[in-house]
Amino acid sequence: MTSWFLLCLLLCCTLVAVSGDSACWSPSVTSCAECLRRGPQCAWCFKEDFLDGVGPSQRCDLPVKLSKRGCEQEFMEQSQIKVEVNATISSTQVSPQDISITLRPGSEASVVVAVKQLERYPVDLYYLVDVSASMQENLDHLKTVGVALSLRMTAHSSDLWLGFGSFVDKPVSPYINVHPSKITNPCSDYEIRCRPAHGFHHVLSMTGNMSEFTRTIKRQRISGNMDTPEGGLDAMLQAAVCQRSVGWRPEAKRLLLLMTDQPSHLALDSRLAGIVTPHDGLCHLENNVYTGSTRMDHPSVGQLSDKLLENHMYSIFAVEKQQYQWYEELVRFLPGSYLGKLGLFQAPNLIELVVDAYKRLLSEVAVSVSVEDKAVSRYWVSVSPLCPNGSTAKDQICSGVQPGQTVYFNITIGMRSCPDDADDEDVTVLVRPVGYNESTVVRIHSKCGCSCGPTRRCNDESESPCRGSSNEEQRPDHGLIKDSDKHSNWNCRADGSDVDCSGRGVCECGRCVCEQTRLGTVYGKYCEIDDFSCPYDGGLLCGGRGVCVSGECVCEDDWTGDSCGCPVSTATCQSANGLLCSGLGKCMCGKCVCDDPRRSGDFCERCPACQSTCQSYWKCVDCHLSHGLTQKETGHCNNTCAPLVGYMDVVSGQAGEMWIQCMYISNDSCRYRFQTSSHSGQTQLHISTRPECASNSRLVGTFLSVCALTVLCGLVVVAVSRLLLQKRGLSPGGAAEDGHYHCTGKDLSFIPTTNEKTVTYRRDCSPDRPVEMHIQGPKMPHGDPWQC
């Protein structure tokens, strides 16, 4: 059981090694198209006699491996990436405007789109106002905005036009009260005359007449509805797509300003009213009234975003404080949007909002890239902006761009796969700078088939190996071979062999078709060659750095060895001094092998045993001493001294080098200092020319001098001590002052004599161990007086 487990494990490891040998090869790849779909690095060899007898899958591999197997470059079908720019179309803001790209599956190409910010633009500003009852006071503030805004925008735009539209909500239940009296006048309960609820009403087309704009605002009346959210997004889409009705100018910057105090309905909200038809994204205005409000759902946020981009719109939201958070989440999904934080919709605040939004939106440059719906799953896109000096990039947007500056966007487009039918296709990709009325069209031509050179023959499974319909074939020296004899076709046997295709294939139409094995490839005219009999290195065939041909590894250019495990370069053996292995070894398979077994290190630079033996240089030093330490005589010691030898007055280690200090004692008892170093791969020897010698007479003199100095020091100490003692005995404060008598100098000889007396004190402690104390003290004879 264990042996079977090990065998299976070995087989699995072998399969992993073989499969990892190439990212292109696979037994399932049998055609050129399948090969190129595996990645842009793959190539198909359509050479007719490539590896005679090899299966179709072996024609697919990396180009370098196919080349080593004998496939020339002109016989390889490879991925071709081509980028062509049409420079004939002129533009002022976005360039280039037309690009063509050729891609294959797995390949990618990059293009650069330049977006230039002009000095002054004409501006179209469309007011889209919520006219529900709660907006009455805000609507009144708009009456004085037109003229003041026009005067304020003269500093930023050469031409300002204004338009106006209103909205409430879908005029169906449950959004409005459907009682007949409420439909015509939603405010009947308050004895106020209101206009009916509506989804969107286009009131005033774009005009540069500010007085007309003011008169239009003054004629507006409020309306009413039931629920809190309004139909703002529904109205925004109509204002954006109804270009002709609204009167958007193609050369102007387009600002769409939404004013509301409530959130907006989103897609699927209309199901409450039984409306389930998705919005089609088209204009549905009749007599300036939106007729699709009761038939189609609210647009999705993504749909609205696409339509704003498609029609080059900037959107500005002026909302009450209570709705900030809701609209902050919304503007994240609408490129080129600005949220104004206004406490009240007063005229000065609205003017500042429009001016600030215009300046900020123009200083932020971004692009949106869209792929045709039919191919969106087969392509991927990456955008990287290059902002001008002083501006910053965040979320693929350049901020702080000034008029006259240019922003560059690097657009990378990659192809994932071909269509299901594997046919070539043409796809259009649009690169739209947000808010600009110019864009770049990228036309992609995908190549999923193979041309296979001038012959148009790829030699894959789609082409039969047998040519012609003859039932007979010519054998070289045996005449005709009938169909019944094809099983023993001599064209499929090697010289001297009686087995078709070396026993590892079948003979079809006079050619060997080699068998497929799980261990590797069998190929050759007679299936006599395989690529799994080569040595492994690191678990990979030929170390993953070559291919196995005829049982031998054919290594890549930078590798050699039986298993391609040795680098050709000797850079890994190069020491700091520029020598290979410090000049003390040979570079073998990328590693230093030292000549001296005592040496070690990556570059043979370490040799503790070499540097610790000073005795090995004594013969060399002695030879140089015998020739007088003269540079002319150094040649006589070449046989004795291998190292480089130099002479110095004082031997000391030099900075930056490792020197070993040594000592040599000559026959005349002189000591000679020398130092040795094996730095930089060369042994050096420095000998001191100043010997350290000592004679016998000098030693005797030194000994006697030391003895005399010691005696002299002792006499001086005794004399000083005696002098101090005498001086103390003659002092006025001496011992005579301690008694009650005074003696003169002439009475010193009459000092009384003394004798000793012993006094014994006994203390009884225990009977067996009495304690006695003996004290001896001087005493004078009885009756003998002191005499002076």
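Let me start with helix H8, residues 232–241, and helix H10, residues 301–310, in this predicted model: their axes come within 9 Å and cross at roughly 25°. Helices here are DSSP runs of H or I with at least four residues, strands are runs of E with at least two, and both are numbered from the N terminus. An axis is a line fitted to C-alpha atoms, for helices over the stretch in contact, and angles run from 0 to 180 degrees between N-to-C directions. H8 and H10 are therefore roughly parallel to each other, a label for angles under 35 degrees, with over 145 being roughly antiparallel, 65 to 115 roughly perpendicular and the rest oblique. The crossing of H8 past H10 is left-handed, meaning that the near helix is turned anticlockwise from the far one by less than a right angle; clockwise would be right-handed.

Which residues meet? On the H8 side they are Leu233, Met236, Leu237, Ala240 and Val241, and on the H10 side Gln303, Leu304, Lys307 and Leu308, where contact means heavy atoms within 4.5 Å. Seven residues of this contact are nonpolar, one is polar and one is charged. Ala, Val, Leu, Ile, Met, Phe, Trp, Tyr, Cys and Pro count as nonpolar, Asp, Glu, Lys and Arg as charged, and the others, Gly among them, as polar.

A word on the ground rules. Residues are numbered from 1 along each chain as its sequence is written, and side-chain values use heavy atoms, with hydrogens and water left out. As the model is predicted, local features need pLDDT of at least 70 and side-chain atom pairs 80 or more, while totals for chains, interfaces and linings use all residues.

Next, the largest pocket, with a volume of about 880 Å³. A pocket is an open set of points on a 1 Å grid over the protein atoms alone, where a 1.4 Å probe fits, with protein on both sides within 12 Å along at least five of seven lines; lining residues have an atom within 4 Å of a point. Points are joined across faces, edges and corners, and the volume is the space filled by probe spheres set on them. Of the 30 lining residues, Val331, Gly336, Ser337, Glu364 and Ile397 are the closest to the centre. Strand S15 gives the most to the lining, four residues. By class, the lining has 16 nonpolar, seven polar and seven charged residues.

Last, the backbone. The Ser95 to Pro96 peptide bond is cis, with omega near -10°.
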